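Colleague: Hi! Could you walk me through this one?

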Amino acid sequence: MMSIEKDILKEFGEGVIRSGSSVVDSELLTIPVSPALDVVLGGGIPEGSFVVLTGQPKCGKTTLSLHFAARCQDPKYNGELCKEGRDVYFFNIEGRLKKRDLEGIPGLDLDRFHVIGSEPGKILSAEDYLSIAEKTINNVTGSVVILDSYSALCTEAEITSGMDKMQRADGAKLLAKFCRKVANVVPVNKNVVIGITHLMGNPTGYGAEFKEKSGQAVAYQVDVKLRARRFSPWEVSGTQIGQTIEWQVITSALGPPGGRIESYLRYGAGIDELTELIVLGTDLGIIQKAGSWMTLSFVEDEEKPKFQGVEKCRIALEENPKLRELLEDSIKGFLGICG
């Protein structure tokens with residue numbers, strides 16, 4: 001070791017200099033999102049990631065963030081720095097988090113789910129929210145921080161000024177400072193930061209039809225970015241039970257960008273992983289479909305299980321966790337997804 005390296009280590013501590021090999025050999029704990037999204041993300045989202053979810057109103061961004069938070073809290077994905085479990089901090093900037101939003105997410109540990117928001121007599125500004133988020137990221141290792149949304153952040157100057165004052169909003173500058181302050185902390189403390197942004201119409205007539213309301217600093221910071229391209233009603237027997245969402249991967253920490261996949265959001269149950277598994281299994285030929293009948297050909301039994309329709313197949317998987325696990329393993333094996 002060169003003397004300069006010894007001096008640096010002596011002044012700044014062991015570990016500040018690492019070999020390239022140690023970076024290559026280090027293993028990231030990857031947390032799955034949902035069966036469909038894991039396919040296009042390359043397996044899921046690694047801890048230590050800066051995530052952005054974007055899309056038009058009511059497309060399921062908040063639901064997806066809560067669903068992933070529940071996945072992060074699964075004891076199987078306790079990280080090295082959070083062996084006792086992960087805490088989730090939800091920054092309720094828009095003030096629209098409801099009881100039904102939380103009750104509809106299976107596996108979400110509400111005792112370790114913390115909501116940060118305004119209260120009578122204390123309306124939090126953008127400066128307040130981002131200061132609390134920064135302190136959380138620095139002090140609660142392995143935590144999941146959800147900011148819903150970047151687009152709704154309102155600075156102290158905007159809050160206190162009159163409606164007739166049309167000063168330039170400086171929220172983007174605050175976000176840029178926030179990104180700089182946490183950029184080096186998130187991967188070290190192995191947090192997951194999820195920021196939700198809005199799409200706004202582009203009135204100029206030039207470029208994209210919609211633009212994101214956040215800031216360029218967020219775009220540079222992001223590890224994983226998903227955009228909801230479209231969503232439509234999901235109906236069963238003429239009754240709308242949820243919605244389907246087409247997600248596009250803008251950036252991924254594990255795989256290439258550009259992938260698109262359809263996800264299923266079931267009202268009162270969040271992201272419907274069982275339906276996603278059935279659709280994937282059918283598309284890959286692991287489940288054979290003839291008319292409305294579905295045969296689980298991945299089962300090694302001589303008499304293959306057979307069900308009429310996706311809903312009955314879904315109920316069977318829900319009642320038989322081993323059957324679900326077998327289907328999930330078969331899909332991952334077919335696609336070469338680890339974990």
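This is a predicted model: local features need pLDDT of at least 70, side-chain atom pairs count only at pLDDT 80 or more; totals for chains, interfaces and linings use all residues.

Colleague: How many helices and strands does the protein have?

Modeller: There are 13 helices and 15 strands. Helices (H or I, at least four residues) and strands (E, at least two) are DSSP runs, numbered from the N terminus.

Colleague: And what share of the residues is buried?

Modeller: Buried residues are 45% of the 339; buried means under 20% relative accessible area, with a 1.4 Å probe and protein chains only.

Colleague: Now the helix pair. At what angle do H11 and H12 cross?

Modeller: Roughly 115 degrees, and the axes of H11 (residues 273–283) and H12 (residues 310–319) come within 9 Å. Axes are lines fitted to C-alpha atoms over the stretch in contact, with angles from 0 to 180 degrees between N-to-C directions.

Colleague: Which residues make the contact?

Modeller: From H11, Leu 274, Thr 275 and Ile 278; from H12, Val 310, Cys 313, Arg 314, Leu 317 and Glu 318. Contact means heavy atoms within 4.5 Å.

Colleague: Is H11 mostly covered or uncovered?

Modeller: Mostly covered, with eight of its 11 residues buried, including Leu 277 and Gly 281.

Colleague: What follows H11?

Modeller: Gly 285, with a positive phi near 80 degrees.

Conventions
Residues are numbered from 1 along each chain as its sequence is written. Side-chain values use heavy atoms; hydrogens and water are left out. Buried means under 20% relative accessible area, exposed over 50%, partly exposed in between (1.4 Å probe, protein chains only).
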